[in-house]
Each structure stands twice: as structure tokens, then as C-alpha cells.
Amino acid sequence: MGFREIEEEYQQMKYDYLVVGAGLFGAVFAEQAKSSGKRVLVIDKRSHVAGNVYTENIRGINVHKYGAHIFHTNNSDVWNYVQRFAGFNRYTNSPVANYHGELYSLPFNMYTFNKMWGVITPEQEAKIAKQCQEISGEPRNLEEQAISLVGRDIYEKLIKGYTQKQWGRPCNELPAFIIKRLPVRLTFDNNYFNALYQGIPVGGYTKLVENLLSGIEVKLETDYLEDKSYFDSLADKIVYTGAIDAYFDYSLGTLEYRSLRFENELVNVNNFQGNAVINYTDSDTPFTRIIEHKFFEFGDDLPYTIITREYSSEWKPGDEPYYPVNDEKNSSLYSEYKTMAEREEHIIFGGRLGEYKYYDMDQVIASALKTWKREL
């Protein structure tokens, strides 16, 4: 066989894209590339697809293995896109806050204000407005931002302890933008999200991602970083959705993340807490929330239920990174890594870890669709 024939055979073996990570960004990008006639290989170091939105069916209950995920969006293009791969139920996110046994409605609305201060009509909002006036000028941190939105009483009971557990830092050391989207309503509306579209995929998120990856070659328990040069040789271009600092072997230093730990329990009662999500907002309770998974799909007549206690922790190598800590120090370090990434012309960095960005699910999907359009 001559050199030209060998070269042609080699090119036929190669993929157009190697997608590293079978989460939402990787799955959507892979689906778009395949639909355009490209050869795609998806690899993931985990034993399953769907990344952190993975749901596992345990005794008839779809368990959110990496924390609660509620799909919501105002982006009709994204909503129409996901509808092609899964039906969605009408689940509405209405969490409850538990502060030392006192239960409060989330998002902060008239039910919350009535329980906190005894107000019964929006006309009595002077109580709220007065507390918010404690902060003058532009809020400099999360604490000031929260007080300017809902006042000190609600901040102390329902925000401070929960947020400090979640981020492992005092609220006055966290950036204000983290809580700027906090819903505050002078109505009795318990819907946490102001979104046109909301729900949970029927059959769980794993089914959604499996449908996205239908007909695409997927290899699990395969770690790209263990042999980058080999995997790079398999495709013309790499789509990398892992941690950007890990890709560069932490050469500039380690970006900070928050990690999570989960304790799952099968409880022999039909109804453990009466809601899918209850946040524990005091600082004394070690976990941040309890999830009762079957209520994401409106429960059933099973005589048992599965709950998950969720604990937040500082990330360290070997842990699963969940939330980027987008403070000034980490944002500056990420910008240096991003400059390095821009020199890697054959690699696309995407997703929450690849872009070191706090994304909602719809934003991840929108980013993947936009990235593919740029490729075209």
C-alpha cells in the first residue's frame, strides 16, 4: 500500500470531533455535529452519560444523583430544541425554607413576609422597604445585596446561614452578583423561577441525554487527560468540557470550586417531607437541603421514598467540581487560562467547567448550540 493510500485510510479512521464529556454541553454539540454529517466520538471518565444531570432509576424513583436539577428557560429556541428529545412534565419549583423548625415560603413572597412580620397585604410593604434602606449606595458584597433586596430579618434567617454553608465563606466576602437574581415578590406566587417554560424530563435527565446521543459512538470510563496526545490524534478537533485548569495541568495554579457530598436514604414511608426540596437555612444544620426525589414527578403510591441530604464542601483534587467560585482572584486566574486556551486552535472549551462559569442548564444548551453555529 502506498503512502497516499495509507494516508487516506488513516483519514477515514479519524473523527471530525472528539467530545470530552457526555454532559449537556457535550451531548448537544455532538448531536448537532452528527446531524450535520460529522463523525463524532464522545468519551467520559464516568461510568454513565449525562454528567451532573444524571438520574438513576432506583426502585421506580428517578434519583438526581448529583443534586436537584429543575429545567427552566425563557429561551424558546432552547425549549423547542429539548422538546425534540424528551417530553417534560409540569413540575414547578417551589422550595421551602426550614429555619430551626420554622417553615418559610421560597421564593420570598407574601407568604414569607406574613410569616416573618405578620403583614397581610402588599400595601404593608413599608416594613420591607424600611429594612432594605439599611444599605445605601451600590451593594459591595452578597450580604449588602441581600439586605438591600429583602432586609436584615430575612437575610439573617433565610439567607446568611444557607449561603455560608453553600460557599464556605462569609457573605460579606462573596460577590454581590451571586444573589442579584434572587426572586422577591409582593404576591402569593410560589413559583421560584420567572420562566416561560419549566419542568422535568419525563423518565429523567438520563433519558434526555441518551436521546441526544442516539446513534453517536460513546466510550465511558475513558479519561482524556490520562493520554491527551493519543486522544488528540483521533480527531481533527477536540471539544473539551472538563475543568480548564486541569487541562493545562494546573500550570498557573488551581481554580477554586465548591464540591458537594450526598447522603441517600431509602425511607419506608410514603411521604417524608411533602416537598421535593427543603432548604435548611440555619448554620447549625450541617447539610444545606433535603431532596425527596419522587416529588419531582408528583410522587406515586409507593410505600417508600428516597431522600438525599446535600452537603457543600471546598473542592480539592480528586473531588468532583460543581460550582466555580467566581470571585476577583479566581476570575483573574481564569482569564489567564482563557488566554492559553485561545492559543489551542484545535480545541473548543465549553460548559460550566471549561468556561469556569455558573451556567443554568438552558444556558449550557444555548452555549453549545451557539458554539456549533460558529463552527459552521
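**View 1. Helices α3 and α12 are roughly perpendicular to each other (65 to 115 degrees; under 35 counts as roughly parallel, over 145 as roughly antiparallel and the rest as oblique).** In this predicted model, local features need pLDDT of at least 70 and side-chain atom pairs count only at pLDDT 80 or more, while totals for chains, interfaces and linings use all residues. Residues are numbered from 1 along each chain as its sequence is written, and side-chain values use heavy atoms, without hydrogens and water. The axes of α3 (residues 76-83) and α12 (residues 361-375) cross at roughly 90° and come within 10 Å. Helices are DSSP runs of H or I with at least four residues, strands are E runs of at least two, and both are numbered from the N terminus.

**View 2. Residues in the contact of α3 with α12.** From α3, V78, Y81 and V82 meet D362, I365, A366 and L369 of α12 (contact: heavy atoms within 4.5 Å). By class, 6 of these residues are nonpolar, 1 is charged and none is polar. Ala, Val, Leu, Ile, Met, Phe, Trp, Tyr, Cys and Pro count as nonpolar, Asp, Glu, Lys and Arg as charged, and the others, Gly among them, as polar.

**View 3. A cis peptide bond joins L106 to P107.** Its omega is near 0°. P107 belongs to the loop between β7 (102-105) and α4 (110-117).

**View 4. H100 has a positive phi.** The value is about 50°, although H100 is not a glycine. H100 sits in the loop between β6 (96-99) and β7.

**View 5. Y250, a residue other than glycine, has a positive phi near 55°.** Y250 is in the loop between α9 (244-247) and β11 (257-267).

Key. Axes are lines fitted to C-alpha atoms, for helices over the stretch in contact, and angles run from 0 to 180 degrees between N-to-C directions.
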